Amino acid sequence: MATIDLGKIKFKWQGTYAGGTAYVPDDVVYYMDGSVGSSYMCKTATQGNAPSSGGTPHASWEYLAKGQATSPTTTQGDLIVRGASADARLAIGTAGQALKVNSSANGLEYGAGGGVVQTKSSFTQATQSTNSTSFVDCTGLSVTITPTSASNKILVVYSFNFGIKDNHGAFRLMRDSTPIGNGAAAGNRIPCIAYFYGFNHNEYDLERYGGNYLDSPGDTNAHTYKIQMATPHAGSPHVFFNYQANDNDATHTGRGSSTITVMEVLP
């Protein structure tokens, strides 16, 4: 029976791989494949064949100890994501952003989280009356917002108190100087969000009306949203904002408040 000297069975360390060196089985080298440094054992005699390329060993070599790629991250909060061909750094986003799939559906990115990007609101207890046949702004019932993206929409939510007696009253919604969300024009009829006939309303009534409208301004300019009111019939008594037609200082009269809120939402 043959005798084997176990002390002579060993790998032979050859240091860093060199393309001009001839290697034989059991030679061991160190080699940097891209950014990953590993040790390799020679399986068959070879010369000029790098131990691996792109993480795949050459047929003459096999991994003895595979290294790990250097982390591409540079800043606290960075993430490692798979790029087109290798791991890559995804820098941390800004405050309030969320991680989401990009528009090409082939990677990750940070962007606005949730459906609401920003909210602005106005609240008013101001009182006002008018018998103008032209629409006038309701005092304090306006709010300005600047969209962050031209593709985003603005959800407008409004609620106002009014009083009316023996007359007609109309209210409309505006974006800057443009009426929006109102009824369609039809002959002499008034496009508006609400129209009231005073003979069906008591002078002691303080009533609330509210609604909403999803607007598409289509730009990133600042826009002011507001409610206007008018008495469409010339010579009619007033329409009253945030108080009753009968405004006696007594316990049977009241005062109201009105609000308008705008929310930039993702499409």
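Student: What should I know before I start?

Tutor: This is a predicted model, so local features need pLDDT of at least 70 and side-chain atom pairs count only at pLDDT 80 or more, while totals for chains, interfaces and linings use all residues. Residues are numbered from 1 along each chain as its sequence is written, and side-chain values use heavy atoms, with hydrogens and water left out.

Student: Which residues touch the most other members of the largest nonpolar core?

Tutor: The general idea is that in soluble globular proteins, nonpolar side chains tend to be buried together. A nonpolar core is a set of buried Ala, Val, Leu, Ile, Met, Phe, Trp, Tyr and Cys residues joined through side-chain atoms within 4.5 Å. Buried means under 20% relative accessible area, exposed means over 50%, and partly exposed is in between (1.4 Å probe, protein chains only). Here, the largest core has 23 residues, and V156, Y158, F160, F171, I193, Y225 and I227 touch the most other members.

Student: Which element gives the most to this core?

Tutor: That's β16, with six residues. Strands are DSSP runs (E, at least two residues), numbered from the N terminus. There's also a second, separate core of six residues, which includes Y17, Y23, V29 and W61.

Student: How many salt bridges does the structure hold?

Tutor: A salt bridge is a side-chain nitrogen of Lys or Arg within 4 Å of a carboxyl oxygen of Asp or Glu. This structure holds five. Take D137 and K226: their closest N and O atoms are 3.3 Å apart. D137 lies in strand β15 and K226 in strand β21, so the pair ties together parts that are 89 residues apart in sequence.

Student: Is K226 buried or exposed?

Tutor: K226 counts as buried because its relative accessibility is 17%. In another bridge, R255 pairs with D247, with the closest N and O atoms 2.7 Å apart. R255 is exposed, at 53%, and D247 is partly exposed, at 31%.

Student: Which residues make the nonpolar surface patch?

Tutor: Patch residues have over 30% relative accessible area and no salt bridge; like charges are joined within 9 Å, and nonpolar side chains (Val, Leu, Ile, Met, Phe, Trp, Tyr) within 5 Å. Accessible areas come from the Shrake-Rupley method with a 1.4 Å probe, and for residues only the protein chains shown count as cover. Here, L79, L99, V101 and L108 make a patch of about 320 Å². V101 sits in strand β11 (residues 97–101) and counts as exposed, at 53% relative accessibility.

Methods. Helix = DSSP H or I, 4+ residues; strand = E, 2+ residues; numbered from the N terminus.
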